[in-house]
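This report covers selected local features of one protein model.

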Amino acid sequence: MKPRAFVMFLLAFLKEPSDVIAVRDRPLMLDCKVVGEGEGPVSITWRRNGIPVETGARAMVLSNGTLLIRNFSKRRESNETDAGQYDCAAQNHYGMLISRKARILLASLPKFLSHPQSMTVGEGGVARFTCQINGIPEATITWQKDRRPLSTADSRYTLLPNGVLQIAGLQQTDRGLFRCVASNIANTRYSHEAQLSITAAGSPIYREPVILSGPQNLTINVHQTAILECIATGNPRPIVSWSRLDGRSIGVEGIQVLGTGNLMISDATLQHSGVYVCSANRPGSRSRRTALGRLVVQAPPEFVQWPQSVSRPAGSSTVFSCTASGVPEPHLIWLKNGKLLTPGGNVKLTNGNTTLAITHITPEDEAIYQCIAENSAGTNQASARLAISQGSDLPEAPAGLQLTALSSSSLQLTWDQPAADTSQQIIGYVLHIRRLGEPDSAELQEAISKTTFRQQVNNLDAATTYSVFLKAYSALGGSQQSRTIMATTKGGVPSSPSFFTKVLNQTAMQVYWELPSRPGALEGFRLEYRGVSNPQVHGQETFPAHINTHTISDLAAVYEIQLVAFNGNGDSPVNRRLVSLTTGENGPTADSSCNCSQSDGSMSTLLIGLHSGLACILCCLLFILLGYKRRLFCRKEMNWKSPPTVTGLRGSKSCPAESIELNQVTHTLTHTEVPAKPTITPPTTTKIGGATSCTIH
């Protein structure tokens, strides 16, 4: 039995239905030609507006897949019509494929929306007639004067495709009855007649330039023709010129001026989109009038990246990628065997539906998947098939991968050459590379020939770490991925990471640090700590680039914390910090940390010792002074008054001299940075021989 081999396109459209304008009571044929490979015949079915077309007396599917509608009609009594959106579905053993949608419109020519209006214009002036009608297909507009075809051989007559008739430099011979004639494959219609009257020319009178009709906002598709109208009058006759509001050049290729100032752009491209300015300039002066019109050029979807058919063993995963460009931005949807795919379970759509991921593949996932791109300018479709293969038939994952930095923007990957029997079935390799820390959706893929075992990757960022793995492909599908390896492009080490600490209790602290703003800027962090008074107590931890916190336990006293970031080029400068976990009677103290540079670690310890010794000396002096004062009693007369300069201390005024002396002592201690001021309690008084005593505690 022939194995179910991997085929790039098991079903593919050679011809799809296209937009058609049908005529009532006439036959219509829609093409759908498919090529198929694999088991079983290919069957073709048709749908209109998503509903299967009934075959029988009115419609049938020919052997080549063409749909024949014998009598295309619209039934007035029920308002039913054969018009609508048609698509064909091709199906074989491997799945179903849906064509793009084709719009089938019924030819028609309804009544005029507007008719030309009568007018009276002076000799030498400008006349403009217009009529409007919406036909399917677009009607061809011609003009009659006095019910005879109007000759446009005279350069003074300009007939625009949108049905506008312009007559410049009017003469008496131009007066008469004008009407427009609209015709298409459905019908021919005549508008009302409009009278053009010409008044005799008088003496020339100066008139400022006036734009009678300026450009209108217009939306077209690429390769169509745009007509921007601009007709102006004035005395002297104004000169009409065109420019773009953004200052860009209009160019000359495909540009033509019709009549006295109308702009025609043939075979429009996306670059022609913009705001166009019509200027009516008075000759020999700066006097002018302007009018604006926006031209929007749309482009139907075109695929930049197509989904590729794959063969995968059950339980594995696969990703289909689909990217389309167009104006406006296309909307993407996915079909599975012709039905709208709803994400859920093992199926996920990400990145604006550009990526379809299927994990833990089961037999139910084997199907044809289609990416449909749609915008207001049209639709496009691309398809791929997921087949389930036996894992033993797939090549082995590449081995011996080595990744080396060549420069600040390039890496080189090498791997082992497979065995001869395996090498014959390999058709190529696919390299998967992404910045360390970026999601899988940001992964870049690069196809590699089966004859090489060395690949250079260029256009990378400097000093950035990349992760890489490789897969080998045969006609049955891809191997399991190789082991993932990492390397860092040249260009320097990471910058020093900033961090801070939080004391949790008397034996534990938590360390936080900032993560880089750009993925791949580093490989990880290394955190080290050691006791200041006991250097034997130390530790070191290494963390990946996405971790930014760690808790250190079983600590005591004061510790020095240091953190470095590293990549393939080396370590960043060290960032150090001292943290105290000492406790008093009331529990742990607050985090008394400070930032220190790499060179002042031992100096910080020395400064702490000096400050502590100085504080002890000052405290001893204070206690000696207070002990001396404790043995004194101040005795004053009861009518003694405090000098007016004694302020700032609370308590009794009975001992002003003592108060003054204590205030001086306190001031001195404050400037020597003693951590605490002496406590002064309100004085207690005791009468001794008519005097008052004051005791300091």
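Leu105 is found in strand β13 (residues 102–106); strands (E, at least two residues) and helices (H or I, at least four) are DSSP runs, numbered from the N terminus. The model is predicted, so local features need pLDDT of at least 70 and side-chain atom pairs count only at pLDDT 80 or more, while totals for chains, interfaces and linings use all residues. Residues are numbered from 1 along each chain as its sequence is written, and side-chain values use heavy atoms, with hydrogens and water left out.

**Surface patch**

Leu105 is partly exposed, with a relative accessible area of 31%. On this scale buried means under 20%, exposed over 50% and partly exposed in between (1.4 Å probe, protein chains only). Together with Ile21 and Ile185, Leu105 forms a nonpolar patch on the surface, with about 220 Å² of accessible area in total. Patches are made of residues with over 30% relative accessible area and no salt bridge, where nonpolar side chains (Val, Leu, Ile, Met, Phe, Trp, Tyr) are joined within 5 Å and like charges within 9 Å. A salt bridge is a side-chain nitrogen of Lys or Arg within 4 Å of a carboxyl oxygen of Asp or Glu. Areas come from the Shrake-Rupley method with a 1.4 Å probe; for residues, only the protein chains shown count as cover.

**Backbone exceptions**

Most residues other than glycine have a negative phi, and most peptide bonds are trans.

| Site | Backbone value | Location |
|---|---|---|
| Asn235–Pro236 | cis, omega about 0 degrees | Pro236: loop between β26 (231–235) and β27 (239–244) |
| Val327–Pro328 | cis, omega about 0 degrees | Pro328: loop between β34 (323–327) and β35 (331–336) |
| His360 | phi about 50 degrees | loop between β38 (355–358) and β39 (367–375) |

Arg147 is exposed, at 54% relative accessible area. His360 is exposed too, at 59%.

**Aromatic pairs**

Rings of Phe, Tyr and Trp (its six-membered ring) pair if their centres lie within 6.5 Å; planes under 30 degrees apart count as stacked, over 60 as edge-to-face and the rest as tilted. By this rule there are ten aromatic pairs. Phe129 and Phe178 are stacked, because their ring centres are 5.1 Å apart and their planes stand at 20 degrees. This pair links distant parts of the chain, 49 residues apart: Phe129 belongs to strand β15 (residues 127–130) and Phe178 to strand β20 (residues 176–183). Phe129 is buried at 1% relative accessibility, and Phe178 is buried at 0%. The pair of Trp415 and Phe453 is edge-to-face, with centres 6.3 Å apart and planes at 80 degrees. Trp415 lies in the loop between β42 (411–414) and α1 (420–425) and Phe453 in the loop between β44 (444–448) and β45 (454–457), so parts 38 residues apart in sequence are tied together. Trp415 is buried at 5%, as is Phe453 at 19%. Ring pairs also link Phe129, Trp143 and Phe178 into a cluster.

**Open sheet**

Three strands form an open antiparallel sheet in the order β49-β50-β53; two strands pair if DSSP finds at least two bridges between them. Strands β49 (499–505) and β53 (549–552) stand at the edges with a single partner each, so one side of each has no neighbour in the sheet. Between β49 and β50 (residues 508–513) the antiparallel pairing runs over six bridges. Lys502 stands opposite Gln510 in β50.
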